[in-house]
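Student: I would like to work through this model with you, a question at a time. Could we begin with the aromatic rings?

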Amino acid sequence: MNLTSLLRPYFLRRVAAARSYASDPERIQRAELSRMIEAGADTLWGRKHRYSLLNRYEYYREAVELSPYESIRPLVMRMIGGERDVLWPGLTRRFAQSSGTSDGKSKYIPITREGLQRSHFRGASDVVSHYLSLYPDSQIFDGKSFILGGSFANELELPVKSRVRVGDLSANLIDTVNPLVRLLRVPSKKIALMSDWREKLPMLAEAASRCNVTNISGVPSWFLGVLREILRLRGASHIHDIWPRLEVFFHGGIAFSPYRGLYDEIIDPTRMRYMETYNASEGFFALQDTTEPGAMLLLLDAGTFYEFADINRPDAMPLPAWEVEKGKTYSLIITSCNGLWRYPIGDTVKIESVSPLRVSIAGRTKHFINAFGEEVMVHNTDAALAAACRNTGASVLNYTAAPVYATDKHHGRHEWLIEFDHEPADLEHFASILDAALCRENSDYQAKRAGSIFLDRLTIVKARKGTFDRWLASTGKLGGQRKVPRLSNDRTIMESMLKFK
């Protein structure tokens with residue numbers, strides 16, 4: 001009997017639970033909300049909103065306003081400073097650093113003990129549970145898990161004796177996971193939490209290439225670079241030559257479809273399975289529970305209460321999980337045991353089915369680029385471009401940017417189409433300054449650019465005068481408030497505009 005067969009019954013119990021609550025989302029979700037409201041009643045936030053009187057979702061929805069990060073940043077900073085009972089009871093010592101909003105380069109999401117246990121770790125366990133249910137032949141525990149993580153690098157000035165840990169979500173998870181789990185994973189905690197990727201990458205590759213790896217977990221764009229380094233190190237052309245028992249990639253963070261062909265080049269597609277997850281800094285929300293990609297089961301009893309706002313009716317009241325409609329796209333609002341109360345997460349999701357409740361990630365609520373996990377927003381690119389213009393004396397009439405996906409010879413990058421009013425003397429020099437400015441504006445882009453290991457420097461295509469107007473005219477949208485989206489997460493608009501450049 002192997003280890004997988006011994007552990008399988010334990011994991012399959014959660015699959016049965018998920019199937020039972022799928023038929024009654026209202027009961028499960030109301031219970032989750034009641035549990036969190038009761039826990040938060042004696043916090044600063046709970047007292048302000050009179051949580052002791054909110055015994056039903058309908059009262060909660062009326063009493064508590066939507067709370068985007070800009071509105072709670074001062075409270076989060078008080079938590080980081082050591083204040084108790086602010087958004088969640090007790091002291092919160094861990095925070096996940098993520099790309100910021102218009103009021104700051106980074107945002108810091110509280111990670112409470114309850115958030116770790118009820119959301120992140122439960123979600124990870126549920127992923128394995130559903131995978132084992134779908135594939136009875138799996139031997140996933142009879143080898144190592146290769147989990148790609150970040151670090152605790154951050155730009156806060158914390159007191160020397162502070163016990164607060166601020167860093168990537170993955171770093172916090174690796175740092176707090178059960179020691180028994182560490183026996184089944186690679187690399188070591190010391191290597192996994194290194195912050196300098198130029199030093200970390202070869203050590204990751206060396207450690208993992210010598211192990212019997214059966215499963216890998218991480219962001220597709222990052223993992224592709226690591227796998228290529230392992231192939232180079234071992235002089236192999238296919239990963240299964242190194243890990244013959246590799247069977248599954250648990251992936252999330254960005255869309256996998258642009259990378260599938262690149263993975264098929266280095267991994268035997270007949271021997272590999274791919275399972276999508278929806279695990280954000282704010283919580284573990286959904287997982288793929290069928291063999292077909294594209295829809296993920298929403299976890300209703302994992303420390304998160306969900307609301308859904310109609311993206312086409314901004315003034316409409318958000319709906320709870322038991323009132324959504326199949327086929328509609330909503331922006332996601334969460335209440336979580338991390339102390340986030342009616343928090344718009346910034347994602348839009350499409351309801352793929354209602355019984356059970358399955359969703360797919362439709363995008364972000366605003367224009368963005370997140371092709372490589374960098375979460376670049378318009379306010380980031382606007383500020384970086386302004387800085388580059390100030391530095392060089394250039395001026396810009398219009399711009400748009402889109403990703404260029406990695407090939408077997410090049411990393412991914414951002415491509416900018418810029419219509420200058422006054423051109424810089426040296427376009428390549430301008431691109432370097434713009435790239436550096438974008439790193440200063442966005443910590444996730446900065447991390448992906450470090451050492452050019454995962455993301456190359458952005459490139460610029462110079463547009464002729466009138467390009468943007470000509471393109472808008474061709475779409476019938478020239479004039480008034482019409483404009484070209486600053487950022488796109490695919491190349492549809494960019495390729496169309498390049499014909500007019």
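Student: Is tryptophan 322 buried or exposed?
Tutor: This is a predicted model, in which local features need pLDDT of at least 70 and side-chain atom pairs count only at pLDDT 80 or more, while totals for chains, interfaces and linings use all residues. Residues are numbered from 1 along each chain as its sequence is written, and side-chain values use heavy atoms, with hydrogens and water left out. Buried means under 20% relative accessible area, exposed over 50%, and partly exposed in between, with a 1.4 Å probe and protein chains only. Because its relative accessibility is 18%, tryptophan 322 counts as buried.

Student: Which kind of aromatic pair do phenylalanine 285 and tyrosine 306 form?
Tutor: Rings of Phe, Tyr and Trp (its six-membered ring) pair if their centres lie within 6.5 Å, and planes under 30 degrees apart count as stacked, over 60 as edge-to-face and the rest as tilted. The structure holds 30 aromatic pairs. For phenylalanine 285 and tyrosine 306 the centres are 6.0 Å apart and the planes make 80°, and the pair is edge-to-face.

Student: How many residues apart in sequence are the parts that this pair ties together?
Tutor: Helices (H or I, at least four residues) and strands (E, at least two) are DSSP runs, numbered from the N terminus. Phenylalanine 285 lies in strand β9 (residues 283-287) and tyrosine 306 in strand β11 (residues 304-310), so the parts tied together are apart in sequence by 21 residues.

Student: Which kind of pair do the rings of phenylalanine 305 and tryptophan 322 form?
Tutor: Phenylalanine 305 lies in strand β11, whereas tryptophan 322 lies in the loop between β12 (319-320) and β13 (329-336). Because their ring centres are 6.3 Å apart and their planes stand at 65°, the pair is edge-to-face.

Student: Which residue has its charged end over the ring of tryptophan 197?
Tutor: A charge sits over a ring if NZ of Lys or CZ of Arg is within 6 Å of the ring centre and within 35 degrees of the ring normal. At 4.6 Å from the centre of the tryptophan 197 ring sits the charged end of lysine 200.
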